[in-house]
Amino acid sequence: MALITDLAKVATTDATNRRADYDFIIVGGGTAGCVLASRLSETKATKVLLLEAGGSKAVLFTQTPVAYGQLFKTEHAFQIFTEPQEGLGGKSKFWPRGKLLGGSSSINAQIAHYGSPEDYDEWANITKDKTWSWNEFGRYFRKFERVLADPSYPQVDTALRGSDGPVRVGYFNYSSRFGQDFVKSCQALDVPFCPDFDNGKGSLGVNRVSNFFIFDEDMCLLTFYNLVKAVTYIDEKATRVSTETAYLTPQVLARSNLKVVTGVKVTKILFDTTAIQPKAVGVQMQSTLGGTTYYAFTNKDVILAAGAIHTPHILMLSGIGPASHLREHDVAVVKDLENVGAHLQDHPVFDIHLKDKLQLAPVFLMRKGFTQNFRYFLTTLQYLIFHTGPLAINWGEAAAFIRTDDPKLFPRNEYPDRLPDTTSGPDSPDIEIFSTPLSYKDHGGFLFSEHTRALHVCLLRPSSEGFIRLKSSDPWNDPSVDPKYLQADQDIERILRGIRFALQIQKTEPIASHIDFEDPAFDGKLNEYSNDQLKQEISERLETLYHPMGTCRMSASEDEGVVNSELRVHGVNGLRICDASVFPSMVSGHSAAAVIATAEKLADVLQNQ
């Protein structure tokens with residue numbers, strides 16, 4: 001069945017006609033929603049309705065790896081801005097979130113990093129449910145992935161990976177010589193080489209070597225290198241793999257028991273409040289502001305999968321959240337849950353802009369002037385015909401995951417202060433440093449005219465927590481988003497250490513040979529800054545790495561969170577949540593894989609009830 005845009009085909013305008021046409025109503029067709037819709041509709045007798053605010057993958061930029069950033073400031077992303085951040089000089093920060101099928105898996109950097117196994121052991125301890133430990137939960141990562149043996153990667157043990165899942169994971173992105181040398185410089189500084197971040201043995205170290213062709217500025221073949229590449233959600237044809245493309249295939253969409261609606265905004269969850277505990281029975285929705293209101297009803301569960309920002313927003317609009325806050329906005333309280341919207345955390349990142357003196361950076365991607373446009377035309381042909389070349393850049397091409405208490409990297413005589421350990425375990429990182437083949441600002445909206453490279457320092461386990469709150473009871477108004485970046489002093493100290501180490505990397509061969517350290521317009525001399533000066537730079541330049549989580553977190557009791565270990569909202573029947581909002585603690589890496597695995601786990605639970 002084709003995607004549906006007419007709500008009259010799937011819902012009613014009569015709020016009193018509570019006929020349950022569906023077993024499951026999934027709110028949000030994002031990273032988790034597509035997984036759930038596909039898996040739950042595998043059973044022919046199960047009727048599933050998937051509701052997505054945005055459109056579909058028919059946008060070229062969602063399929064071409066290099067182009068995802070061009071979607072950030074379009075109708076295909078929610079234009080979210082944080083509250084002014086005290087720790088960042090009072091600046092409000094831009095937080096784009098995917099507004100199309102696949103959600104943010106359709107607009108992210110496609111880095112397939114699963115976090116640390118100890119992250120999930122920590123989840124099991126928090127929830128008091130061992131099924132979230134890596135030993136048990138890890139099978140859901142293997143269930144979704146398809147990793148095949150590659151002779152270029154003999155160190156990857158495919159016996160530890162999944163081979164028949166819907167999500168193609170591999171090394172099909174274009175990568176640069178700069179990335180190769182980033183790995184070598186990290187190794188020269190005692191960062192161990194990690195052949196596979198995602199095999200369950202831990203992700204400390206630097207990754208990844210492959211074979212690829214390097215072209216010079218005239219697109220002439222120069223040599224055959226061992227190149228550094230991050231494992232990505234990019235397939236053999238150098239096309240992005242999102243949860244829409246992986247799970248909502250034409251065969252899945254043809255199922256008569258699955259209806260997928262795009263361009264619809266769910267404005268409220270509907271409840272039956274006649275029993276002791278409220279029960280979710282359906283949803284209220286509109287296609288446009290001021291348009292006709294429609295209703296759909298379920299005989300089993302409403303599943304909120306709208307993401308870490310919009311899931312708590314919808315809950316609070318529906319009367320589930322901190323009672324005093326709901327009353328401030330004249331929202332009738334259905335269930336007083338203090339932790340709805342609380343514990344918001346994100347991975348903040350600091351960008352280091354470097355001038356490439358070798359002039360090998362793909363500046364032609366800016367398409368300024370005849371020469372750059374002609375080169376872009378040639379690379380487009382290369383991409384369309386051979387599925388290779390710079391259009392297959394996913395930007396984050398190589399990464400190192402480290403600990404700020406590692407005495408080899410941060411000697412005690414240079415770093416005498418002991419910072420509290422925020423990691424999930426001794427084999428888990430708190431800093432990620434990754435390289436990109438071009439430097440950028442403003443979320444990719446600004447590219448330098450010169451040849452540039454960049455290093456990026458990401459704080460993986462911040463202590464600062466913020467919140468999501470209502471601005472009004474109008475569902476068409478964005479919520480208040482306040483991550484409270486750098487509220488905890490230790491966050492500043494930890495990311496400062498990460499920056500110091502990144503500056504050591506850039507001064508270490510072979511990567512040092514790439515960099516012009518003298519141009520004052522770039523960060524070649526950032527290592528000469530004092531700690532106070534660097535802290536000022538952090539305050540001025542810190543941005544999001546697009547990983548909000550934790551706003552409806554799992555917990556053993558409602559005093560500590562919002563959902564139980566089966567993702568059912570505490571004290572409410574018929575309502576579950578499945579997205580990054582349920583993470584009880586932060587994933588020490590990129591969050592998409594953990595969301596997909598969580599959705600696979602919930603689908604398994606529901607199918608086996």
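Reader: Which residue in β18 does Ala 399 stand opposite?

Author: Ala 399 stands opposite Phe 434 in β18. This is a predicted model, where local features need pLDDT of at least 70, side-chain atom pairs count only at pLDDT 80 or more, and totals for chains, interfaces and linings use all residues. Residues are numbered from 1 along each chain as its sequence is written, and side-chain values use heavy atoms, leaving out hydrogens and water.

Reader: What makes β17 and β18 a pair?

Author: Two strands pair if DSSP finds at least two bridges between them. Strand β17 (residues 398-402) has 5 bridges to β18 (residues 431-436), running antiparallel, so the two pair. Strand β7 (residues 205-207) also pairs with β17 in the antiparallel sense, over 3 bridges, with Val 206 bridged to Ala 400.

Reader: Why is β17 called mostly covered?

Author: Buried means under 20% relative accessible area (exposed is over 50%, partly exposed in between; 1.4 Å probe, protein chains only). In β17, 5 of its 5 residues are buried. Ala 398, Ala 400 and Ile 402 point one way, Ala 399 and Phe 401 the other.

Reader: What are the buried residues of α9?

Author: They are Gln 372, Arg 375, Tyr 376, Thr 379, Gln 382 and Tyr 383. They lie on the same side of α9 because they cover an arc of only 115° around the axis. On the other side, Phe 370, Leu 384 and Ile 385 are exposed.

Terms used
Helices (H or I, at least four residues) and strands (E, at least two) are DSSP runs, numbered from the N terminus. The arc is that of the directions from the helix axis to the C-beta atoms.
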